[in-house]
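Take a look at the model below.

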Amino acid sequence: MRAALEQARAALAAGEVPVGAVVLDAGGAVLAGAHNEREHSADPTAHAEVLALRRAAAALGSWRLAGCTLAVTLEPCTMCAGALVLARVSRLVFGAWDPKAGAVGSLWDVVRDHRLNHRPEVAAGVCEQECEQLLAGFFAGKR
C-alpha cells in the first residue's frame, strides 16, 4: 500500500484525484504502478487500477494476472472491479472505502458476485486513514 500511496501523491502533484495503484507479483515485487490520469489524458477510463492492470499485463506478456495482487488507495468502482475480475487478479487490497461509487462492498460487490467465474481475495481498510486524508485534502482544496 505504501507504493500505491506514492502513486496517489504523484497524482495529487499532477492535479489528478489522488488515487494510486500497484500490481504485485506472487513474490510481492511491484510489476507496475499507476495513478489517475483522467484529466491529463482526457480519458474517462484512465483510472489508476485500469492503468496499473494494463501495465502489469504488458510486463508479463499476458492479460491473465493470476497470482498477482492489486493494491489501490480507494475502493474500486464498477469499471475497475470488473477489470480486476476479468484480469483474474488473485488478491485486492484497498485503503479508503468509497460510499459514493465503491463496487467492493459499498454500493455493489462485483468482486464477490457468485455469478462471475473469478472472485479475488479482498483486504479492505489498509492504511485507510492515510488514504482518506489524502482524498479529503484534495477535495477540500477544490471547494
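## V89 and its contacts

V89 touches L53, L65, C68, T69, L70, L84, H118 and P120. That list leaves out residues up to four places away in sequence. The model is predicted, and the contacts are computed from it.

## The largest nonpolar core

V89 also belongs to the largest nonpolar core, which has 40 residues. Which members touch the most other members? They are V23, L65, L70, L84, V89 and L92.

The largest share, 6 residues, comes from α3.

## Helix α3

How far apart are the end C-alpha atoms of α3? They are 18 Å apart. The helix has 13 residues, and at 1.5 Å a residue it should span 18 Å, so the two values agree.

Now look at which parts of α3 are hidden. Its buried residues are A48, E49, V50, L51, A52, L53, A56 and A57. One of them, L53, is touched by V89. What covers the buried residues of α3 includes β1, β2, β3 and α4. Just after the helix comes G61, which takes a positive phi of about 75 degrees.

## The largest pocket

Rolling a probe the size of a water molecule over the atoms shows where empty space is left. In this model, the largest pocket holds about 560 Å³ of space. Its lining has 22 residues. V17, L74, D98, L135 and F139 lie nearest the centre of the pocket.

What kinds of residue line the pocket? There are 13 nonpolar, 2 polar and 7 charged residues. Helix α5 (residues 128–142) gives the largest share of the lining, 5 residues.

## E130 on helix α5

E130 lies in helix α5. Is E130 buried, partly exposed or exposed? Its relative accessibility is 28%, so E130 counts as partly exposed. The cut-offs explain this: buried means under 20%, and exposed means over 50%.

E130 touches R2, L5 and R9, not counting residues up to four places away in sequence.

Technical notes: Residues are numbered from 1 along each chain as its sequence is written. This is a predicted model: local features need pLDDT of at least 70, side-chain atom pairs count only at pLDDT 80 or more; totals for chains, interfaces and linings use all residues. Side-chain values use heavy atoms; hydrogens and water are left out. On a 1 Å grid over the protein atoms alone, a cavity is a set of points where a 1.4 Å probe fits but cannot get out, and a pocket is an open set with protein on both sides within 12 Å along at least five of seven lines; lining residues have an atom within 4 Å of a point. Grid points are joined across faces, edges and corners, and a volume is the space filled by probe spheres set on the points. Helices (H or I, at least four residues) and strands (E, at least two) are DSSP runs, numbered from the N terminus. Ala, Val, Leu, Ile, Met, Phe, Trp, Tyr, Cys and Pro count as nonpolar, Asp, Glu, Lys and Arg as charged, and the others, Gly among them, as polar. A nonpolar core is a set of buried Ala, Val, Leu, Ile, Met, Phe, Trp, Tyr and Cys residues joined through side-chain atoms within 4.5 Å. Buried means under 20% relative accessible area, exposed over 50%, partly exposed in between (1.4 Å probe, protein chains only). Contact means heavy atoms within 4.5 Å. The expected span of a helix is 1.5 Å times one less than its number of residues.
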